[in-house]
Amino acid sequence: MRALFIFMFLATTASAESPKVVTDIAPVHSLVAQVMEGVDTPDLLLEAGGDPHHMALRPSQARALAQADLVIWVGPALTPWLGEALAGSASVSLPLAPDLVEDVDDPHLWLNPDFAEAWLTVIAEALSQIDPDNLATYRTNAELAQQAVQALTQKTATQLDAIGGARLLAAHDAWGHFADRFGLQIVGAIKSHDDAAPGAGHLGETRDMISIGAVDCVLSEGVETDALVATVVGDSGTPVATVHPLGAGIDTGVEFYSGLLSGVAQAIAACVEAG
Ligand SMILES: [Zn+2]
């Protein structure tokens with residue numbers, strides 16, 4: 001009798017086990033968390049604030065990757081190291097933007113919510129394939145999340161309409177997709193994401209842009225770029241917004257994605273209006 005009870009308990013636990021899902025960055029984690037709501041929570045490899053372009057996996061992260069059933073990530077253009085780590089792994093890999101070319105294409109796609117909206121469908125389908133028992137939940141969650149992203153996009157577009165065409169200088173070249181979607185201009189970047197430090201010639205050019213009044217707002221990413229931004233802005237009085245493309249400082253989870261986009265839009269609008 002007792003043996004039977006234990007057997008039934010084990011069987012129940014096994015069938016209720018949900019897939020182990022690992023995500024690369026906090027924005028993708030948030031989208032996947034929305035689709036998995038009510039089933040389980042995905043893991044996050046790169047804590048917000050880390051540098052996705054350059055990273056070495058800690059042993060615990062390598063283990064999480066090796067044990068994952070499904071790895072959902074932007075793609076090799078953003079995190080080449082993750083592509084290498086996945087090459088020898090048995091986990092199912094879902095790169096959301098597999099065709100981007102490193103150093104050529106801008107991999108910061110999540111900053112255009114149209115991509116996020118499309119990715120929700122792909123995420124739900126991949127989850128349904130490895131966990132068909134929860135297919136209905138994944139699809140319903142994805143539809144609800146898409147409605148939320150649409151509302152967020154509408155709200156952001158309305159908010160940024162007032163500063164349409166604003167000229168932004170970025171600390172690092174991350175904001176092209178955001179600017180294109182919402183009618184803003186990126187007039188330059190202080191450093192590309194592969195530069196450890198920008199050259200003197202390039203710094204001089206960005207200073208010149210500021211001194212002739214060609215920049216409405218400079219986008220810093222916080223402590224890591226504040227000093228660099230300060231050397232470019234000098235005493236010009238050009239306003240600076242602190243916006244982080246990976247949402248450093250925002251709590252991870254289902255609310256993260258809307259928090260990231262709303263926060264960025266609000267900070268940029270306030271910055272341009274202060275100029
Ligand atoms: Zn970047």
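Predicted model: local features only at pLDDT ≥ 70, side-chain atom pairs only at ≥ 80, totals over all residues.
Local features need pLDDT of at least 70 and side-chain atom pairs count only at pLDDT 80 or more, whereas totals for chains, interfaces and linings use all residues. Residues are numbered from 1 along each chain as its sequence is written.

**View 1. An open sheet of 4 strands.** The strands, which are DSSP runs of E with at least two residues, just as helices are runs of H or I with at least four, numbered from the N terminus, follow the order β2-β1-β3-β4 with parallel pairing, where pairing requires at least two DSSP bridges between two strands. At the edges lie β2 (43–44) and β4 (92–95), each of which pairs on one side only.

**View 2. Strands β3 and β4.** Strand β3 (residues 70–73) pairs with β4 in the parallel sense over 4 bridges, and Trp 73 stands opposite Pro 95 in β4.

**View 3. The largest nonpolar core.** This core, a set of buried Ala, Val, Leu, Ile, Met, Phe, Trp, Tyr and Cys residues joined through C-beta atoms within 7 Å, has 76 residues; buried means that 20 or more other C-beta atoms lie within 10 Å of the residue's own, with C-beta atoms placed from the backbone. Helix α10 (residues 256–274) gives the largest share, 10 residues. Domain 1 (19–157) and domain 2 (162–274), with bounds from an automatic or database domain assignment, both contribute residues, so the core lies between them.

**View 4. Strands β5 and β6.** Strand β5 (residues 167–172) and strand β6 (residues 185–191) pair in the parallel sense over 5 bridges, with Leu 168 opposite Ile 186 in β6.

Methods:
Buried ≥ 20, exposed ≤ 12 C-beta atoms within 10 Å, placed from the backbone.
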